Amino acid sequence: MPELTEHIAGTVDQVDTADTAGRLVAASRALRRWAVDHAAEFHLSWFVSSPDEGASVSRARRQVGRLFADVFSGVWRDHGPAPLPPGQPSPAIETPARRLLEQLETELPSSSAAVAFTRCWLRLYGMVSVESLGLTRAIGDDAGELFEAELADLARTLDLPAAALSTGR
């Protein structure tokens, strides 16, 4: 798992620190690429959990999550709060968002940022997981176009500049 963190961090480091939106896009694509290229390791590290799970696996999961939270924090700072649907964030969503940040041992600037991060992380991680399992290839998406469509939707949700989507392509 340290390889995944190193891969994502190395990819993010290639993007200008001032381009926080581009860094988030690059990190997302790096996660996808590694998960698809190392599917068996990704599944064992992320899907298989037990009470006997090693501390190194838990630490590696937290490192990846913290890396994304740090990149997301920059996006939140530079692009402002994402427009959320009416009535959100609700306490029902704030509680799991707060728990996720506690598990990652990190913080974000506000409960709205925590909710937006959690929602985006779950969508991104879900899409990457589905693709790494080969389910998108089974329906004819060999090039990751469904991932790219979801990434573009996340960028719109966060009101990121369209140019950010050209980062790391």
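**Exercise 1. Is alanine 116 buried or exposed, judged by its relative accessible area?**

Solution. The model examined here is a predicted one.
Step 1. Locate the residue: alanine 116 belongs to helix α6.
Step 2. Read its relative accessible area, which is 3%.
Step 3. Apply the cut-off: a residue counts as buried under 20% relative accessible area. Alanine 116 is therefore buried.
Step 4. Look at its surroundings. With neighbours within four places in sequence set aside, alanine 116 is in contact with Phe72 and Trp76. The C-alpha atoms of alanine 116 and leucine 158 lie 8.3 Å apart in space, although 42 residues separate the two in sequence.

**Exercise 2. Describe the overall make-up of the protein.**

Solution. 
Step 1. Count the elements: the protein has seven helices and zero strands. Along the sequence, this gives the pattern α-α-α-α-α-α-α.
Step 2. Consider burial: 44% of the 169 residues count as buried.
Step 3. Consider the surface. The accessible surface of the protein is about 8600 Å², and carbon and sulfur atoms account for 54% of it.
Step 4. Consider contacts. Among those between residues at least 6 apart in sequence, 70% join residues at least 24 apart.

**Exercise 3. How are the axes of α6 and α7 placed relative to each other?**

Solution. 
Step 1. Identify the helices: α6 comprises residues 111-132, and α7 comprises residues 145-157.
Step 2. Read the geometry: the two axes come within 10 Å and cross at roughly 175°.
Step 3. Apply the cut-off: angles over 145 degrees count as roughly antiparallel. The helices α6 and α7 are therefore roughly antiparallel to each other.
Step 4. Name the residues that meet. On the side of α6 they are Cys120, Arg123, Leu124, Met127, Val128 and Glu131; on the side of α7 they are Leu146, Phe147, Glu150, Asp153, Leu154 and Thr157.

**Exercise 4. Which residues does threonine 136 touch, not counting residues up to four places away in sequence?**

Solution. 
Step 1. Locate the residue: threonine 136 is in the loop between α6 and α7.
Step 2. Determine its burial: threonine 136 counts as buried because its relative accessibility is 3%.
Step 3. List the partners under the stated condition: threonine 136 touches Met127, Val130, Glu131, Asp141 and Leu146.
Step 4. Together with Leu133 and Leu135, Val130 forms a nonpolar patch on the surface, and the three have about 250 Å² of accessible area together.

Key:
Residues numbered from 1 in each chain as written. Predicted model: local features only at pLDDT ≥ 70, side-chain atom pairs only at ≥ 80, totals over all residues. Heavy atoms only, no water. Patch = residues over 30% accessible without salt bridge, like charges linked within 9 Å, V, L, I, M, F, W, Y side chains within 5 Å. Areas by Shrake-Rupley, 256 points an atom, 1.4 Å probe, with all protein chains shown as cover. Salt bridge = Lys/Arg side-chain N within 4 Å of Asp/Glu carboxyl O. Helix = DSSP H or I, 4+ residues; strand = E, 2+ residues; numbered from the N terminus. Axes fitted to C-alpha atoms, helices over the stretch in contact; angles between N-to-C directions. Parallel < 35°, antiparallel > 145°, perpendicular 65-115°, else oblique. Contact = heavy atoms within 4.5 Å. Buried < 20%, exposed > 50% of the residue type's maximum accessible area, 1.4 Å probe, protein only.
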